[in-house]
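Morning, everyone. Please bring up the structure, and we'll walk through it together.

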Amino acid sequence: MAFALWLGGCTSMAENGEPGHRFGERSWDSLRTEIQLAEPAANEVVVVINNNAALGNHAGIFAGERLSDPAGSYKNVRARSPAWQRVSLADYVAYQMDDGLRIQIYRFTLSEQQFSDVVARLPEADSALPLFCGAAVQNALAGIGPFAGIDATWWTSPAELARRLEPLTDGAKAVGVCLWPDGLPC
């Protein structure tokens, strides 16, 4: 069981980086705890990857205001706090940061039909089993619009899902953006 938790995929174990370790274009030392993220727009899909373990800790997805947190504990844990008001991207990212600062936020604006297609898949993602959050989020996106090159899968890690989304946010032909919680590019 400990081995499965180390692998990641919807876990809450943190991996502590060594000083000076580089992740993307930034070093561990430059990652900050301030959250500077706008809430998702009406036709925007936002994938949140908690990448603080060997294969990533967790993946979740917002479609507009609607959160799918496959096999996650966010809503149950946050609802216990009397001060908690509602689901928000900033609050969800802050919750994920309990494991560490390596949280990647992938943002994509979709057409109305593409957005509706993703939303239609979220009930299935909501019912994912533990360790299947990466696959649940990937399957919600697979084959739709900018995700046409991403296939449905039985299982994938959150870190692997991030690697699949990365090409969609790089270069002149980027169809989305990758941000750190402080709003700076990944």
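Let's start in a loop. Ala71 sits in the loop between β5 and α2. Is Ala71 buried, exposed or partly exposed? Its relative accessibility is 29%. The buried class ends under 20%, and the exposed class begins over 50%. So Ala71 counts as partly exposed. Now look at its backbone. Phi of Ala71 is near 55 degrees, a positive value in a residue other than glycine. Why point that out? Because most residues other than glycine have a negative phi.

A word on what you are looking at. This is a predicted model. Keep that in mind throughout.

Leu131 lies in the loop between α4 and α5. Its phi is positive too, near 75 degrees, and Leu131 is not glycine. At 26% relative accessibility, Leu131 is partly exposed.

Now step back to the whole chain. How many helices and strands does the chain have? There are 6 helices and 7 strands. From the N terminus, the order is α-β-β-β-β-β-α-α-β-α-α-α-β. The chain has 186 residues, and 47% of them count as buried. What about contacts across the sequence? Take contacts between residues at least 6 apart in sequence. Of these, 67% join residues at least 24 apart.

Next, the helices. Two packed helices are described by the angle between their axes and the distance between the axes. Let's do that for two pairs.

Pair one is α4 with α5. Helix α4 covers residues 112-126, and helix α5 covers residues 133-141. Their axes come within 8 Å and cross at roughly 155 degrees. An angle over 145 degrees counts as roughly antiparallel. So α4 is roughly antiparallel to α5. The crossing is right-handed. Which residues of α4 and α5 meet? From α4 we have Val118, Arg121, Leu122 and Ala125. From α5 we have Ala136, Asn139, Ala140 and Leu141. By class, this contact has 6 nonpolar, 1 polar and 1 charged residues.

Pair two is α5 with α6. Helix α6 spans residues 158-165. Here the angle is about 30 degrees, with the axes 8 Å apart. The cut-off for roughly parallel is under 35 degrees. So α5 is roughly parallel to α6. On the α5 side, the contact uses Cys133, Gly134, Val137, Gln138 and Leu141. On the α6 side, it uses Pro158, Leu161, Arg164 and Leu165. The classes come to 6 nonpolar, 2 polar and 1 charged residues.

Stay with α5 a moment. How many of its residues are buried? The count is 8 of 9, so α5 is mostly covered. The buried residues include Cys133, Ala136 and Leu141. What covers them includes β3, β4, α4 and α6. After α5 comes Gly143, with a positive phi near 80 degrees.

Now compare notes on α3. This helix runs over residues 89-96 and is mostly covered, with 6 of its 8 residues buried. They are Leu89, Asp91, Tyr92, Val93, Tyr95 and Gln96. What do they pack against? The partners are β3, β4, β5, α2 and β6.

That brings us to β6, and to Tyr106. Tyr106 is found in strand β6. It is buried, with a relative accessible area of 0%. Leave aside its neighbours within four places in sequence. Tyr106 then contacts Val45, Val46, Val47, Ile49, Ala162, Leu165, Glu166, Thr169, Val177 and Cys178. Pick out Val177. Tyr106 and Val177 are 71 residues apart along the chain, yet their C-alpha atoms are separated by 5.7 Å. Tyr106 also makes a polar contact: its side chain meets that of Gln104 at 3.2 Å.

One last stop. Where is Asp182? It is in the segment after β7, which covers residues 176-179. Asp182 is buried, at 5% relative accessible area. What does its side chain reach? It reaches the backbone nitrogen of Leu184, at 3.1 Å.

To recap: α5 is roughly antiparallel to α4 and roughly parallel to α6. Tyr106 is buried in β6.

Methods:
Residues are numbered from 1 along each chain as its sequence is written. This is a predicted model: local features need pLDDT of at least 70, side-chain atom pairs count only at pLDDT 80 or more; totals for chains, interfaces and linings use all residues. Side-chain values use heavy atoms; hydrogens and water are left out. Buried means under 20% relative accessible area, exposed over 50%, partly exposed in between (1.4 Å probe, protein chains only). Helices (H or I, at least four residues) and strands (E, at least two) are DSSP runs, numbered from the N terminus. Contact means heavy atoms within 4.5 Å. Axes are lines fitted to C-alpha atoms, for helices over the stretch in contact, and angles run from 0 to 180 degrees between N-to-C directions. Angles under 35 degrees count as roughly parallel, over 145 as roughly antiparallel, 65 to 115 as roughly perpendicular and the rest as oblique. A crossing is left-handed if the near helix is turned anticlockwise from the far one by less than a right angle, and right-handed if clockwise. Ala, Val, Leu, Ile, Met, Phe, Trp, Tyr, Cys and Pro count as nonpolar, Asp, Glu, Lys and Arg as charged, and the others, Gly among them, as polar. A polar contact is a pair of N or O atoms within 3.5 Å; within protein, one must be able to donate a hydrogen and the other to accept it, and residues adjacent in sequence count only if both atoms are side-chain atoms.
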